[in-house]
Amino acid sequence: QPTVTVWGKILGVTADYIIIRCMGRDLLGTVHTLYSIDGGLSFNALDTSVDKFDDLCALVKGPFIGDVAYEYKVNAIATGVPTPIREAHRLSWFIRSCDEHCRVCPRGAVLHFEDGAVTTNKAFEGLDRDVAGRADSFVHLRNKREAQSALQREGVLTKLDFLDPITYDMPKSVWNISYDATNDVVFGSNALYLGAIFYHTPETKTWGSIYVGDGNLNTN
């Protein structure tokens, strides 16, 4: 049964993008992404597959407009020739980039099966409070990097330990972990993708990631 979740919101000049996604059993499988620019009254599909404009999208700075048809003029690094980039491409690139760096889950919250699927671990009852505030208790919910593939070949990885810990991220200070005692929630905020957070309520099945921001990287 497909699951619909809120990815977040990217703030724009004329309209904000509300992003939702629909996915099946495999949390790293095919994802259908939709956006709304009318406050969630209607949604349109967004192609978030890798495309030839990704390198140029990474060069675009400044606010989103709120119109997928809007065109930026970006100078290609190799040629210096101005190339038109539609905001739809920039939106797609940012969502994928943010997911790659900021989609996070508690260690043990998902399982890797022999058929390749990554699914929710029904036996997961939440992290203990004494470890929930530690960065090494959280992992990236993304496809394995080269280092992980090497470990898998060596037989080191298990059904639980197969994802990159966020402690591998550089710079070391990119993640800030905090605990909200009033609401009993652990938050992790990313200094590069300002507005990206993950959350987990200790000793429960509640966890997730969300982004609310202007869609720009913090390079300071």
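User: Which arginine lies over the face of phenylalanine 113?

Analyst: This is a predicted model: local features need pLDDT of at least 70, side-chain atom pairs count only at pLDDT 80 or more, and totals for chains, interfaces and linings use all residues. Residues are numbered from 1 along each chain as its sequence is written, and side-chain values use heavy atoms, with hydrogens and water left out. A charge sits over a ring if NZ of Lys or CZ of Arg is within 6 Å of the ring centre and within 35 degrees of the ring normal. At 5.5 Å from the ring centre of phenylalanine 113, the residue is arginine 25.

User: How far is arginine 90 from the ring centre of phenylalanine 64?

Analyst: Arginine 90 lies over the face of phenylalanine 64. Its distance from the ring centre is 4.0 Å.

User: How many aromatic pairs does a search of the whole structure find?

Analyst: Rings of Phe, Tyr and Trp (its six-membered ring) pair if their centres lie within 6.5 Å; planes under 30 degrees apart count as stacked, over 60 as edge-to-face and the rest as tilted. Searching the whole structure this way gives an aromatic pair count of 9.

User: Why is the pair of tyrosine 17 and tyrosine 35 edge-to-face?

Analyst: The two ring centres, of tyrosine 17 and tyrosine 35, are 5.9 Å apart. The pair is edge-to-face because the planes are at 70 degrees.

User: How many residues apart in sequence are the parts that tyrosine 17 and tyrosine 35 tie together?

Analyst: Strands (E, at least two residues) and helices (H or I, at least four) are DSSP runs, numbered from the N terminus. Tyrosine 17 belongs to strand β2 (residues 17-23), and tyrosine 35 to strand β3 (residues 31-36). The pair therefore ties together parts whose separation in sequence is 18 residues.

User: Is tyrosine 70 buried, partly exposed or exposed?

Analyst: Buried means under 20% relative accessible area, exposed over 50%, and partly exposed in between (1.4 Å probe, protein chains only). The relative accessible area of tyrosine 70 is 35%. Tyrosine 70 is therefore partly exposed.

User: Which residues form one aromatic cluster with Trp7?

Analyst: One member, tyrosine 211, lies in strand β14 and is buried, with a relative accessible area of 0%. Together with Trp7, the cluster is formed by Trp93, Phe94, Tyr193 and Tyr211.

User: Which backbone nitrogen does the side chain of tyrosine 211 reach at 2.8 Å?

Analyst: A polar contact is a pair of N or O atoms within 3.5 Å; within protein, one must be able to donate a hydrogen and the other to accept it, and residues adjacent in sequence count only if both atoms are side-chain atoms. The tyrosine 211 side chain reaches the backbone nitrogen of aspartate 214 at 3.3 Å. At 2.8 Å, the backbone nitrogen is that of glycine 215.

User: Which backbone oxygen does the side chain of serine 137 reach?

Analyst: Serine 137 sits in the loop between α3 (129-132) and β10 (138-140). With a relative accessible area of 5%, serine 137 is buried. Its side chain, at 2.6 Å, reaches the backbone oxygen of valine 131.

User: What does cysteine 57 touch, not counting residues up to four places away in sequence?

Analyst: Contact means heavy atoms within 4.5 Å. Cysteine 57 lies in helix α1 (residues 54-57) and is buried at 0% relative accessible area. Beyond those excluded places, cysteine 57 touches Ile85, His89, Arg90 and Trp93.

User: Which residue does a cis peptide bond join to methionine 170?

Analyst: Omega for this bond is about -5 degrees.

User: What is the phi of glutamate 203?

Analyst: Glutamate 203 lies in the loop between β13 (196-200) and β14. Glutamate 203 is partly exposed, at 43% relative accessible area. Although it is not a glycine, its phi is positive, about 60 degrees.

User: Where is aspartate 184?

Analyst: Aspartate 184 has a positive phi of about 55 degrees, although it is not a glycine. It is buried, with a relative accessible area of 17%. Its place is the loop between β11 and β12 (185-190).

User: Which element supplies the largest share of the lining of the largest pocket?

Analyst: β1 (3-10), β2, α2 (87-102), β9 (118-120) and β14 (207-213) each supply at least two lining residues. The largest share is 5 residues, and it comes from β14.
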